[in-house]
Amino acid sequence: MHTLLLLAALSSQITFKTSHEGNMTTIIPQVVLKESCVCQVQILSSREGQGGQSTSQQRNTLSIPANQPIDLSRLSLNIGPQDSVKIVVTVSDGKSLHLSQQWPTSE
């Protein structure tokens, strides 16, 4: 685990912490930046399944310190076995920094 934190500190990146309890899945997008910034954070989530379709969007401006894992949000979704879920997280300072990551990262 310490190796992962060290690697995250060397480069800016977005990762996802997930936990499961029954059909409920909790997803916490985290960001680690190599330099501090006041960044725009956007989180788009979509879910499609037998119960229908839903989408949500969150936008916020955060002051993010350097080299520290910061939780950007906490999403709790009731995901059934046939559901399709996609979460896209984007962090940008409007200049040189633009990070984007999708969950799930691989199917």
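# Briefing: strand pairing and selected residues

S92 has a relative accessible area of 16% and therefore counts as buried (buried is under 20% relative accessible area, exposed is over 50%, and partly exposed lies in between, with a 1.4 Å probe and protein chains only). The model is predicted, so local features need pLDDT of at least 70 and side-chain atom pairs count only at pLDDT 80 or more, while totals for chains, interfaces and linings use all residues. Residues are numbered from 1 along each chain as its sequence is written, and side-chain values use heavy atoms, with hydrogens and water left out. The protein chain holds 1 helix and 8 strands, where helices (H or I, at least four residues) and strands (E, at least two) are DSSP runs numbered from the N terminus.

**Overall chain**

- Along the sequence, the elements of the protein chain follow the pattern α-β-β-β-β-β-β-β-β.
- Of the 107 residues in the protein chain, 34% are buried.
- The protein chain has an accessible surface of about 7,000 Å², and carbon and sulfur atoms account for 47% of that surface; areas come from the Shrake-Rupley method with a 1.4 Å probe, and for residues only the protein chains shown count as cover.
- Among contacts in the protein chain with a separation of 6 or more, 60% are between residues 24 or more positions apart (contact means heavy atoms within 4.5 Å).

- Strands of a sheet pair through backbone hydrogen bonds, either parallel or antiparallel; here two strands count as paired if DSSP finds at least two bridges between them.
- Strand 2 (residues 24–32) has 8 of its 9 residues buried, so the rest of the structure largely encloses this strand.
- T15 has Q30 of strand 2 as its bridge partner.
- The hairpin of strand 1 and strand 2 has 2 residues between the strands, and G22 takes a positive phi near 65° in this hairpin.
- Strand 2 also pairs with strand 6 (residues 75–78), in the antiparallel sense and over 4 bridges, and T25 has L77 of strand 6 as its bridge partner.
- Strand 5 (residues 70–71) is joined to strand 2 by 2 bridges, again antiparallel, with D71 of strand 5 as the bridge partner of Q30.

**The sheet 4-3-7-8**

- Strands in the order 4-3-7-8 form an open sheet of 4 strands with antiparallel pairing.
- Strand 4 (52–64) and strand 8 are the edges of this sheet; each has a single partner strand, so one side of each has no neighbour in the sheet.
- From one strand to the next, the twist averages 10°; axes are lines fitted to C-alpha atoms (for helices over the stretch in contact), and angles run from 0 to 180 degrees between N-to-C directions.
- Strand 3 and strand 7 run antiparallel and are joined by 9 bridges.
- Strand 7 (residues 84–92) and strand 8 (residues 98–103) pair over 6 bridges in the antiparallel sense, and S100 of strand 8 is the bridge partner of T90.
- In the hairpin of strand 7 and strand 8, with 5 residues between the strands, G94 has a positive phi near 80°.

**Surroundings of S92**

- S92 belongs to strand 7, where it stands opposite Q40.
- Apart from its neighbours within four places in sequence, S92 has contacts with C39, Q40, L97 and H98.
- The S92 side chain reaches the backbone oxygen of L97 at 3.2 Å, a polar contact under the rule used here (N or O atoms within 3.5 Å; within protein, one able to donate a hydrogen and the other to accept it, and residues adjacent in sequence counted only if both atoms are side-chain atoms).

**Salt bridge**

- Side chains of opposite charge can pair when their charged atoms come close.
- The count is 1 salt bridge (a side-chain nitrogen of Lys or Arg within 4 Å of a carboxyl oxygen of Asp or Glu).
- D83 and R47 form a salt bridge, with their closest N and O atoms 3.1 Å apart.
- D83 is in the loop between strand 6 and strand 7 and R47 is in strand 3 (residues 37–49), so the pair ties together parts 36 residues apart in sequence.
- D83 is buried at 19% relative accessibility, whereas R47 is partly exposed at 23%.

**Backbone details**

- The peptide bond from W103 to P104 is cis, with omega near 0°, and P104 sits in the segment after strand 8.
- N67 is not a glycine, yet it has a positive phi of about 60°.
- N67 lies in the loop between strand 4 and strand 5 and is partly exposed, with a relative accessible area of 43%.
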